[in-house]
Amino acid sequence: MPVDPQIQALLDFVASKNLPPHYLLTPPEARAAMEKSRAIFRPPEPVPLPRIEELSIPGPAGALPARLYGAEARGAGAPPIVLYFHGGGWVIGSLDTHDDLCRRLAKRSGCLAVSLDYRLAPEHKFPAAIDDSCAATRWIAQHGRELAGDPMRLAVAGDSAGGNLAAAVALLARDQGGPACGSRC
């Protein structure tokens, strides 16, 4: 089956940059390479939003950095909240590598988007990322009104490893009665 022309153009562009494959790098080198490639691929102008705030969410091993994105209000009442978990194979990825994506998520959805910088492997072994994601979900459910969002309309989302974290959080919350329960959601 032939490759879609738009995908082939992207593959050719990436190949022209001579970026090293992440699997050949140490975790710190792979993180630096991802930050460098972010600069290559990001749009020339970030999506402007009226509200971007750095947050610190209590986690099981200390404070978790997070970033809140708020778009223009759409209608009356507090907007829903989306807690976003970045991808990166549990080893790379950060608030900054997914900043443009979270800006677009907030702008296009009209939701408050909160991006979480969970602890990464291999420095932090399983289940650190899940524990952080569950702690952040519980915190957002308890403090969403303080952020000017509606915690009763809370969703979790993510890409790649972050999608896995979102699924794990949703399943744990379902099985344990919601974000206000137990040690893991």
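I began with Arg-67 in this predicted model and found that Arg-67 counts as buried, at 9% relative accessibility. I then looked for its partner and noted that the side chain of Arg-67 meets that of Asp-96 in a salt bridge, 3.0 Å from N to O. Because Asp-96 lies in the loop between strand E3 (80-85) and helix H3 (99-109) while Arg-67 lies in strand E2 (residues 62-70), the pair ties together parts that are 29 residues apart in sequence. I looked up the accessibility of Asp-96 as well, and at 34% Asp-96 counts as partly exposed.

Next I turned to helix H3, where Asp-99 and Arg-103 are four residues apart and therefore separated by about one helical turn. I recorded a salt bridge between their side chains at 2.6 Å, N to O, and I noted that both Asp-99 and Arg-103 are buried.

Which residues are linked with these in a network of salt bridges? I listed Glu-54, Arg-67, Asp-96, Asp-99 and Arg-103 as the linked residues.

I then checked Glu-123, whose side chain meets that of Arg-31 in a salt bridge of 2.8 Å, N to O. This pair links distant parts of the chain, 92 residues apart, with Glu-123 in the loop between strand E4 (112-116) and helix H4 (128-143) and Arg-31 in helix H2 (residues 27-41).

Last, I wrote down the total for the structure, which holds nine salt bridges, among them the Glu-123 and Arg-31 pair.

Terms used: Residues are numbered from 1 along each chain as its sequence is written. This is a predicted model: local features need pLDDT of at least 70, side-chain atom pairs count only at pLDDT 80 or more; totals for chains, interfaces and linings use all residues. Side-chain values use heavy atoms; hydrogens and water are left out. A salt bridge is a side-chain nitrogen of Lys or Arg within 4 Å of a carboxyl oxygen of Asp or Glu. Helices (H or I, at least four residues) and strands (E, at least two) are DSSP runs, numbered from the N terminus. Buried means under 20% relative accessible area, exposed over 50%, partly exposed in between (1.4 Å probe, protein chains only).
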